[in-house]
Amino acid sequence: MARGNGGRLIFRSDDDCRLFLGILEEVVRRARGRVLAYCLMRNHFHILMGVGDVPLSLIMQRVLCRYSRYVNAIHKRRGHLFQSRFKAKLCLRD
C-alpha cells in the first residue's frame, strides 16, 4: 500500500487510475508476478500480489516511479507524489 504525500490525491481522474493499473499490469507481468486484488482510492491504494524471483521492492519502485513521472508531467506539478516508502505486509497462502 502507498498513500499520497501529506494525504494528497494520487488519482485525480479515472484516466489516472487506468494508467496506474496499466503500468502495474506491465511491470508485474514482466516480473512474472500476479496481482490478486487491488483497491484504488483517490489518495492511496492497496494491492495484493504474488511475486516470483523479482523482489517486491523492485516491482514497486518501477511502478511508483513511472506513475509519478506521468502525474508530474500531465498535471504540471513537482515534488514527491507518494508519502515515504510503500508499506508491505506478508500474507501467507493459508
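User: Which residue has its backbone oxygen 2.7 Å from a polar atom of the side chain of Ser68?

Analyst: The model is predicted, and Ser68 belongs to helix H2. A polar atom of its side chain lies 2.7 Å from a backbone oxygen, and that oxygen belongs to Leu64.

User: Is Ser68 buried or exposed?

Analyst: Burial is called under 20% relative accessible area. Ser68 has 16% relative accessibility, so the residue counts as buried.

User: Which residues does Ser68 touch, not counting those up to four places away in sequence?

Analyst: Leu64 supplies the backbone oxygen at 2.7 Å, but residues up to four places away are not counted here. With these set aside, Ser68 touches Leu81 and Phe82.

User: How many aromatic pairs are there by the ring-centre rule?

Analyst: A pair of aromatic rings is described by the distance of the centres and the angle of the planes. Two rings pair if their centres lie within 6.5 Å. By this rule the count of aromatic pairs is seven.

User: What kind of pair do Phe11 and Phe20 form?

Analyst: The ring centres of Phe11 and Phe20 are 5.3 Å apart, with the planes at 75°. Planes over 60 degrees apart count as edge-to-face. The pair of Phe11 and Phe20 is therefore edge-to-face.

User: And what kind of pair do Tyr67 and Tyr70 form?

Analyst: Here the planes of Tyr67 and Tyr70 are at 40° and the centres 6.0 Å apart. Planes under 30 degrees apart would count as stacked and over 60 as edge-to-face, with the rest as tilted. The pair of Tyr67 and Tyr70 is therefore tilted.

User: Where do Tyr67 and Tyr70 lie?

Analyst: Tyr67 and Tyr70 are three residues apart, about one turn of the helix. Tyr67 is buried at a relative accessible area of 0%, whereas Tyr70 is partly exposed at 23% relative accessibility. Both lie in helix H2, residues 56-74.

User: Which residues do ring pairs link into a cluster?

Analyst: The edge-to-face pair of Phe11 and Phe20 and the tilted pair of Tyr67 and Tyr70 involve residues of this cluster. Ring pairs link them with two further names, Phe45 and Phe82. The cluster consists of Phe11, Phe20, Phe45, Tyr67, Tyr70 and Phe82.

User: Which residues is Phe20 in contact with, leaving aside neighbours within four places in sequence?

Analyst: Phe20 is in helix H1, residues 14-30, and is buried, with a relative accessible area of 0%. Its C-alpha atom is separated by 7.8 Å from that of Val63, 43 residues apart along the chain. Val63 is also one of its contacts.

User: Which residue lies over the face of Phe86?

Analyst: A charge sits over a ring if, among other conditions, NZ of Lys or CZ of Arg is within 6 Å of the ring centre. For the ring of Phe86, the distance is 4.4 Å and the residue is Arg85.

User: How far apart in space are Leu58 and Ala31, C-alpha to C-alpha?

Analyst: Leu58 lies in helix H2 and is partly exposed, with a relative accessible area of 28%. Leu58 and Ala31 are 27 residues apart in sequence. Their C-alpha atoms are separated in space by 9.3 Å.

User: What is the phi of Arg32 near?

Analyst: Arg32 sits in the loop between H1 and strand E2 and is exposed, with a relative accessible area of 75%. Phi of Arg32 is positive in a residue other than glycine, near 60°.

User: What is the phi of Lys76?

Analyst: Lys76 is in the segment after H2 and, at 74% relative accessibility, counts as exposed. Although Lys76 is not a glycine, its phi is positive, at about 50°.

User: In what order do the elements of the chain run from the N terminus?

Analyst: The secondary structure comes to two helices and three strands. From the N terminus on, their order is β-α-β-β-α.

User: What radius of gyration does the chain have?

Analyst: The C-alpha atoms fill a box of roughly 40 × 25 × 20 Å along the principal axes. A compact globule of 94 residues would have a radius of gyration near 12 Å, and the value for the chain agrees: 13 Å.

Note on methods
Residues are numbered from 1 along each chain as its sequence is written. This is a predicted model: local features need pLDDT of at least 70, side-chain atom pairs count only at pLDDT 80 or more; totals for chains, interfaces and linings use all residues. Side-chain values use heavy atoms; hydrogens and water are left out. Helices (H or I, at least four residues) and strands (E, at least two) are DSSP runs, numbered from the N terminus. Buried means under 20% relative accessible area, exposed over 50%, partly exposed in between (1.4 Å probe, protein chains only). A charge sits over a ring if NZ of Lys or CZ of Arg is within 6 Å of the ring centre and within 35 degrees of the ring normal. A polar contact is a pair of N or O atoms within 3.5 Å; within protein, one must be able to donate a hydrogen and the other to accept it, and residues adjacent in sequence count only if both atoms are side-chain atoms. Contact means heavy atoms within 4.5 Å. The radius of gyration is taken over C-alpha atoms; the globule rule is 2.2 Å times the number of residues to the power 0.38.
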